[in-house]
Amino acid sequence: MSNIRSEEGIVVKTADLCDEFLSELQVCQLPMQSYGGKKEFSGPIATVEVFEDNVLVREALETVPAGTVLVVDGKGSRNCALLGDRLAQIACDRGLAGVIIHGCIRDSAEIANMPFGVMAIGTCPVKSKKEGKGKRDVALEFGGVLWEPGAYVYADSDGIVVAKRELPKSD
Amino acid sequence: MSNIRSEEGIVVKTADLCDEFLSELQVCQLPMQSYGGKKEFSGPIATVEVFEDNVLVREALETVPAGTVLVVDGKKKEFRQRCQIYVARRGLW
């Protein structure tokens, strides 16, 4: 197992996790792009379910603990962006590990310079609605994965995997 | 509105245009990749419609004014339809 040593300590590779713990992993089957300045990230999951409305995304980014990965099910809409540079900056300043969006982002040029993880299905320059509809802290289902709050997600350039527990880091 | 100042002057961000002028914009819904060395560009459009033949693309590139953005429809849809007709004719479904 060849872990990468970074400034933050040992980065666990998804490929190595799959070799060692496949039976307890779910592997995301949705093709996603990495837009953040950090390509490898992991952490406990918090969830938001919305449709073309990012009020609850902002609320979650402002309240979930540092180190969390916020997973947003935007139902795959490409009509607008659920995360832009302002929300991303909040997430970054609060020390979130990353954001995974089943939907689009915008301000991708700025987000590329922010030191945290951002994965999404694409970009769209249009902003979202601000009505506040949706749900927080519910189990989500997309990409063949059941994303439950409190589960652990690991993401890197090879993919995204989810485990029910924090997996041991070995080197 | 936070425009980016580059060597060529002010770059207008699509996100800022959508915030300010959405009612007069059409937004392309086809996911596209950027391959050029310049990620932001804009200009008046010139068009070409072709199918697997770039003679008219070359002709346009050689004649449209400087500053133009050449938009080429290469008809992926038509290609798909042709494939389907071909497959159907050969009874390969």
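**Close-up 1. Strand 13 of chain A is covered on both faces.** On one side, A:Y152, A:Y154 and A:D156 are buried. On the other, A:V153 and A:A155 are buried too. Strand 13 spans residues 152–156, and five of its five residues are buried. Buried means under 20% relative accessible area, exposed over 50%, and partly exposed in between, with a 1.4 Å probe and protein chains only. Helices (H or I, at least four residues) and strands (E, at least two) are DSSP runs, numbered from the N terminus.

This is a predicted model, in which local features need pLDDT of at least 70 and side-chain atom pairs count only at pLDDT 80 or more, while totals for chains, interfaces and linings use all residues. Residues are numbered from 1 along each chain as its sequence is written, chains are lettered from A and ligands numbered from 1 in the order in which they are written, and side-chain values use heavy atoms, with hydrogens and water left out.

**Close-up 2. Strand 13 of chain A pairs with strand 5 of chain A and with strand 14 of chain A.** Two strands pair if DSSP finds at least two bridges between them. Strand 5 (residues 41–49) runs antiparallel to strand 13, joined by four bridges. Here A:G43 stands opposite A:V153. Strand 14 (residues 159–163) is also antiparallel to strand 13, over five bridges. A:A155 has A:I160 as its bridge partner in strand 14. A hairpin of two residues links strand 13 to strand 14.

**Close-up 3. Helix 2 of chain A and helix 3 of chain A cross at roughly 20°.** Axes are lines fitted to C-alpha atoms, for helices over the stretch in contact, with angles from 0 to 180 degrees between N-to-C directions. A:V57, A:R58, A:L61 and A:E62 of helix 2 meet A:L87, A:I90 and A:A91 of helix 3. Contact means heavy atoms within 4.5 Å.

**Close-up 4. Over all chains, the structure holds zero disulfides.** A:C28 is in no disulfide; the nearest cysteine sulfur, in A:C18, is 12 Å away. A disulfide is a pair of cysteine sulfur atoms within 2.5 Å. A:C28 is buried, at 12% relative accessible area. The sulfur of A:C104 lies 5.8 Å from its closest cysteine sulfur, in A:C124, too far for a bond. A:C104 is buried, at 0% relative accessibility.
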